[in-house]
Amino acid sequence: QPTIAGVPTDRLTAFAAREAQRYARSRPKSAKALADGAGAFLNGVPMHWMRDWPMPHLPLVAKAKGARITDIDGYGIDDFCLGDTGSMFGHSPKPVADAIRKQARHGLTYMLPTMAAMEAGRLLTDRFGAFRWQIATTATDANRFALRVARAVTGRPKVLVFHGCYHGTLDDTMVTLDGGHTVNRPGLVGQVHDLSLGAVVCEFNDLAGVEAALAKGDVAAILTEPVMTNSCMVLPADGFHDGLRALAQRYGALLIMDETHTLSTGLGGYTRVHGLSPDMFVVGKCVAGGMPTAVWGMTEDVAARFNAYDATRPAGHSGMGTTLSANPMQFACLVATLSLVMTKDAYAHMEKGAERLAALLQAAITAHGAPWHVVRVGARVEFICAPGPLHNGTEAATAHQPQVEAAVHTALLNRGCLIAPFHNMMLVSPATRPRQIDRLGLAFDEILSELFA
Ligand code: PMP
């Protein structure tokens, strides 16, 4: 009897078909609205990856508040995807919605700072540490600019990234390991450059591999998440971060910590909670409560090196910027989020809820004898349809089971629960209620009882 992730293949196929049918039958309004309106978009979607959601068609959202979405077919959905972290603090947190309303009367973008900008700078330092900050609009851009500075101050070409990482769409990181060599990711659209000229890939948790790469002397920066959250979820081994810090130092590379997802860890992100000391710090997505904003910062030391470089740089475009970044709406939302939303109490609620969720999922996995496991980093929980723990991106790629995951995601949505697409990530926000968590636990248990009957 062939199986996928422990599930008999024919049972999985029948289950997936049943759930797809149930979904399609239950959402006639979304189906009609898409049929009527989606033709204006390339392939019927405003963002090409929306086609990769596993449901037969997308639901259209009518509104969202807290940890709940209502779709135009009238279904209330417990939202554990939360915009894949963009809304980790809940949809439209009141202080952010109020700040937007207020700022909306005073201009949306003017290339000049406000009093709120001054306040945001102080709050960023207070929350994340003594970095010299810059504001961007996406985490992709923040990583791109951080990497520029790292290359500028070290005079070296390469970024060291980990196999299976995701740091946004910046080209430099769109590389993978192929037979031990760094190569372009094969799925890249219209990629004409050999990205291995500016990047080297190592396995997460492999300090010897990192040292071998650094020893060549051409690495400007290690760019990493504290936990690999975009490859299932891979935790750092004991001593890995200390090792990275020491190796970067020894070989003259900078260490850039991308906290865009691991901000789920607790107040100040994984860096603060675990006392890491990166040279540069990046966080995006939810840092301004869902208003498109990212921040990146560098230590005093890197700032001094950058200023020395900058003083001798020929005049002209720096390659860092974007016109709408550092706009007054971003600052209003940053201040509201950092001072009133991203609080100790909020994190305590998130942590407690996520602990409860992880326990429920693990209990279901154990009860049904599924060869699966659960990983949690603060408010972020992931079930993985393979035994664990995972140690690196290669193991994570093998553990990823798209066919099973797609069926489970659709089935969860049929039971009123939305989780992040493309992997199995769930976030608990300050607005998430215990009964929502219990509903997700029950739905997951019911699904496993069908898959592993
Ligand atoms: N860094 C990490 C760790 C991410 O997971 C992502 C997006 N998933 C990004 C950066 C890029 O964020 P954005 O798409 O908002 O630019």
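Visitor: Where do I start: how far apart do the C-alpha centres of domain 1 and domain 2 lie?

Guide: Domain bounds come from an automatic or database assignment. Here that assignment gives domain 1 as 3-79 + 343-451 and domain 2 as 94-341. Their C-alpha centres lie 28 Å apart. The contact between them takes 24 residues from domain 1 and 22 residues from domain 2, where two residues are in contact if their C-beta atoms, placed from the backbone, lie within 7 Å.

Visitor: Which elements give two or more residues to the side of domain 1 that touches domain 2?

Guide: Those are α11 (344-367), β15 (373-377), β16 (380-384) and α12 (393-399). On that side, α12 brings the largest share, with 5 residues. Helices (H or I, at least four residues) and strands (E, at least two) are DSSP runs, numbered from the N terminus. By class, the residues on that side of domain 1 divide into 12 nonpolar, 8 polar and 4 charged. Ala, Val, Leu, Ile, Met, Phe, Trp, Tyr, Cys and Pro count as nonpolar, Asp, Glu, Lys and Arg as charged, and the others, Gly among them, as polar.

Visitor: Before we go on, what is the mean pLDDT of the protein chain?

Guide: This is a predicted model, where local features need pLDDT of at least 70, side-chain atom pairs count only at pLDDT 80 or more, and totals for chains, interfaces and linings use all residues. Residues are numbered from 1 along each chain as its sequence is written. pLDDT is the predictor's confidence in each residue, from 0 to 100. In this protein chain the mean is 98, and 100% of the residues reach 70 or more. The model also scores ipTM 0.99 and pTM 0.98.

Visitor: How many helices and strands does the protein chain have?

Guide: You can find 14 helices and 18 strands in it. For the overall shape, compare the radius of gyration (over C-alpha atoms) with the globule rule, 2.2 Å times the number of residues to the power 0.38. With 453 residues, a compact globule would come out near 22 Å, and the protein chain has 22 Å, so the two agree. Its C-alpha atoms fill a box of roughly 65 × 55 × 45 Å along the principal axes.

Visitor: Let's zoom in. Is I384 buried or exposed?

Guide: A residue is buried if 20 or more other C-beta atoms lie within 10 Å of its own, exposed if 12 or fewer, and partly exposed in between. I384 has 24 C-beta neighbours inside 10 Å, so I384 counts as buried. I384 sits in strand β16. Leaving aside neighbours within four places in sequence, I384 is in contact with residues including C232, W372 and L390.

Visitor: And what does A33 touch?

Guide: A33 touches L60 and I72, not counting residues up to four places away in sequence. A33 belongs to helix α2 (residues 28-37), and A33 is partly exposed because 17 other C-beta atoms lie within 10 Å.

Visitor: Last one: how many residues surround the ligand?

Guide: A residue is near a molecule if its C-beta atom, placed from the backbone, lies within 6 Å of it. Here 15 residues surround the ligand, and the closest are T138, A139, T140, G168 and T260. Helix α5 (residues 139-154) gives the largest share of that shell, 3 residues. By class, the shell has 2 nonpolar, 9 polar and 4 charged residues.
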